[in-house]
Amino acid sequence: MVNEARNFIVSSSPHIKDEGTISKAMRDVFIALIPVTLVAIYFFRLYAVFFIAVCLVTAILTELLFRNLMNRKARPGDWSALLTGLFVALLFPASTPWWQGVLATFLAVGVAKELVGGLGWNRFNPALFGRVALILLAPLFAFVYSWFEPLNVYFGPIDVMTQATPLAMMKMGLEMPPLGQLFLAFPGGAMSEVSPLAILIGAAYLLYKKHLSWRIPLSILATVVVLTLISGGNPLYHLVTGGLLLGSFFMATDWVTSPFTEKGKIIFGVAIGILIVIFRIGFSITEGVAYSILIMNFFVPYIERKTSRSHFGKIKAVPVPMANQK
Amino acid sequence: MEVKKFTGGISIPHYKSFTEHKEIKEASLPGELIIPLLQHTGAPNEPLVKVGDKVKAGQKIGETDKFVSAPIHASLSGTVTAIEPRSYLTGQMVNSIVIAVDEKQDELELSDVDVETVTKEEVVNAIKEAGIVGMGGAAFPTAVKLSPPPDKEIDALIINGCECEPFLTCDHRLMLEKPEELLRGIELIMKMLSVDKAYLCIEDNKDDAIEAVRQKNTNPQIVLLRMPTKYPQGSEKHLVKAALDREIPSGGLPFDVGAIIQNVGTCVAIYEAVRYKKPLIERVVTVTGQNLNDPQNLMVKIGTPIGHLIEECGGIVKEPAKVVIGGPMTGKAQQNLGVPVVKGTTGVIVLPPDMAIEDMEYYDCVRCCKCVEHCPMLLYPNQLSIFCEAKMIEEADEWNALDCIECGICAYVCPSKRPIVQLIQRTKPLIREMQSKK
């Protein structure tokens with residue numbers, strides 16, 4: 001048998017591989033979003049279930065459509081489109097007309113992701129892109145809104161749905177609900193804004209699974225706290241309101257659209273923090289988190305170029321000590 | 001003594017339990033030896049024998065007058081049956097001397113030199129004559145490595161006993177079973193280089209070997225360093241960094257920072273070459289893997305086909321299998337069991353079907369940064385893989401592709417299963433070509 005050439009499997013090294021895969025990572029993000037989703041369903045009942053379902057289905061169909069159009073093969077077990085769909089859904093209030101969810105998801109999965117080359121090539125966070133596109137398109141909807149009105153679904157009254165968001169209350173100078181309640185759960189606004197606690201539980205899971213870099217969320221939150229303190233506001237209210245926590249832990253940390261350099265992650269986070277405070281305090285815009293992250297997404301390649309580390313051996317050789325000095 | 005850490009690297013499963021407690025066993029004689037004329041870094045040897053010649057064990061059968069080279073010897077007595085290209089572990093064909101092994105073998109003729117009184121010149125000559133090359137895998141001629149340019153001052157000898165590749169235990173067993181020979185070998189090298197400090201570096205997953213060497217060591221100039229178990233601790237650059245806290249400059253060699261590195265197997269071979277005038281005709285090979293019936297550490301004659309070793313270890317359990325020469329992170333998968341063990345062969349690993357991964361389908365980079373986090377050269381493998389895949393040679397050079405040591409960590413951790421190392425390997429010659437045109 002010595003010279004016998006048999007068919008052995010030949011491939012390049014390394015011959016052992018870590019078990020981590022993209023679909024496992026995506027699945028972990030899904031698991032991390034379970035608390036937020038459950039809270040949304042608890043407060044908004046069928047409205048939440050229906051809106052989330054619409055976005056998920058749209059995400060799958062959009063991906064299928066674009067993959068066929070662009071002749072691109074799918075990854076087996078790729079959860080990324082579904083994940084984008086879920087993120088889009090959670091960025092809206094549960095009472096949003098379903099066709100807006102369809103449009104936002106279509107733009108997120110189709111335009112922001114598939115059209116530019118698919119997962120890995122997108123420059124902007126797809127879910128935020130879809131959400132912000134709808135905000136910017138809102139003036140147009142004024143005309144079409146009435147056409148779609150008969151299509152709206154109605155699952156009965158839910159009181160909390162029309163409640164003002166804490167961030168809006170802050171702007172209007174209304175008396176704020178107690179911090180503890182805001183932290184635990186305070187329905188109003190987007191489904192993802194209801195419970196900071198639920199978001200932190202999810203984020204803790206992602207940190208534990210090592211999918212999250214702490215550098216980005218920490219630098220965003222620290223910047224927001226410092227700047228609101230300087231401007232005389234109460235940073236705690238800023239931390240628990242609006243999309244700040246979801247944005248910091250789940251959106252700004254998106255692998256594809258954040259810098260891959262360590263210093264870059266901190267610069268990215270600090271810049272997002274500064275923008276958020278400018279939007280919130282300077283312009284009173286409640287969607288500041290979404291705008292800030294998208295703006296900084298654009299600068300990622302420049303940040304990376306300026307902050308790349310020096311590699312091993314780049315330093316000049318140190319003078320060798322004499323043999324007898326040791 | 002305090003051991004510094006290097007940035008990056010990763011802890012990976014060891015898979016060493018198959019053989020780490022098994023004593024080194026003499027392998028049975030093969031029917032045929034295939035001794036490649038080129039099995040080191042440098043110039044190939046010219047054959048000193050012709051077809052039909054009778055050769056004795058230990059007889060020199062190939063040599064060249066080129067400086068960077070090492071002669072080859074017949075590992076057993078027999079008859080030369082062919083001098084022809086045979087498949088080599090890299091997949092290429094290499095001109096080799098084929099010997100039909102005699103059934104009756106005479107005892108190898110050995111001298112007994114007093115190592116206390118031996119001169120520097122005698123040590124160099126013995127190493128050169130014995131055909132010793134680096135036995136950790138790189139196979140660089142040792143006599144050349146131990147003759148650094150006169151303008152480089154060497155103040156430290158580092159002995160590499162890390163054996164950071166999973167599965168391999170040949171160095172581990174050698175340190176455990178031949179600590180005396182190892183220490184005497186180290187002293188000979190120190191004498192030859194006129195250095196007064198040697199650092200013997202062993203990873204902390206081999207505490208029994210550390211203990212064995214510590215008990216035998218009476219020389220205060222030989223310092224034992226217990227290294228953290230982290231891949232690629234045994235890489236030249238990272239070992240110098242960890243042991244001496246000196247960083248070898250990009251494109252440089254250990255002697256640029258005053259260090260010379262030798263593998264523990266090489267030290268033992270040097271001792272035997274000086275003391276007994278024994279040529280390098282055998283070495284320890286770890287024959288292992290989940291897919292092998294009886295994994296062993298074997299003392300193998302150079303030129304033995306790996307198929308013979310696999311049979312000696314009870315054969316392959318299940319096919320399809322993957323047979324790797326070297327460690328699983330950097331070794332080469334083999335198509336043909338007729339490939340011989342050479343001086344730099346550390347292990348033969350038979351991987352089971354579920355680990356016998358074929359070139360996998362891979363996906364786009366999602367910039368998860370796991371490779372960036374673990375790259376011991378502090379490169380950006382994610383960027384490199386994209387540039388190399390797209391044949392963007394200038395960009396790959398800008399992002400320092402040439403500094404990649406091909407340790408395999410990036411491809412190991414990549415969740416998109418991108419063959420990052422392979423992509424970089426393929427691009428390096430293109431970068432050199434581009435640079436030479438400039």
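Start where the chains meet: 43 residues of chain A are in contact with 68 residues of chain B (two residues are in contact if their C-beta atoms, placed from the backbone, lie within 7 Å). Select the chain A side of that meeting place and colour by residue type: you'll get 23 nonpolar, 12 polar and eight charged residues. Here Ala, Val, Leu, Ile, Met, Phe, Trp, Tyr, Cys and Pro count as nonpolar, Asp, Glu, Lys and Arg as charged, and the others, Gly among them, as polar.

A quick note before moving on: this is a predicted model, in which local features need pLDDT of at least 70, side-chain atom pairs count only at pLDDT 80 or more, and totals for chains, interfaces and linings use all residues. Residues are numbered from 1 along each chain as its sequence is written, while chains are lettered from A and ligands numbered from 1 in the order in which they are written.

Now show chain A by itself. How many helices and strands are in it? Chain A has 12 helices and zero strands, where helices (H or I, at least four residues) and strands (E, at least two) are DSSP runs, numbered from the N terminus. Its C-alpha trace spans about 80 × 60 × 35 Å along the principal axes. Of the 326 residues in chain A, 47% are buried; a residue is buried if 20 or more other C-beta atoms lie within 10 Å of its own, exposed if 12 or fewer, and partly exposed in between, with C-beta atoms placed from the backbone.

Over to chain B. Select 120–276 for domain 1 and 370–437 for domain 2; these bounds come from an automatic or database domain assignment. The centres of the two domains, taken over C-alpha atoms, are separated by 29 Å. Six residues of domain 1 of chain B are in contact with five residues of domain 2 of chain B.

Next, pick out residues 179–193 of chain B, helix α4. Among the buried residues of α4(B) are Leu182(B), Ile186(B) and Ile189(B).

Time for a sheet. In chain B, find the open sheet of four strands, ordered β2-β8-β7-β4 with antiparallel pairing (two strands pair if DSSP finds at least two bridges between them). β2 (32–36) and β4 (54–55) of chain B stand at the edges with a single partner strand each, so one side of each has no neighbour in the sheet. Zoom in on β2(B) and β8(B) (residues 93–101), which are joined by five bridges. There, Leu33(B) has Ile99(B) as its bridge partner.

Last stop: the largest nonpolar core, with 224 residues. Such a core is a set of buried Ala, Val, Leu, Ile, Met, Phe, Trp, Tyr and Cys residues joined through C-beta atoms within 7 Å. Helix α1 (residues 22–70) of chain A gives the most to this core, 19 residues. Which residues have the most contacts inside the core? Those are Ile158(B) and Cys201(B). Centre on Cys201(B): leaving out residues up to four places away in sequence, the residues it touches include Ile158(B), Leu225(B) and Ala243(B).

Terms used. Expected span 1.5 Å × (residues − 1).
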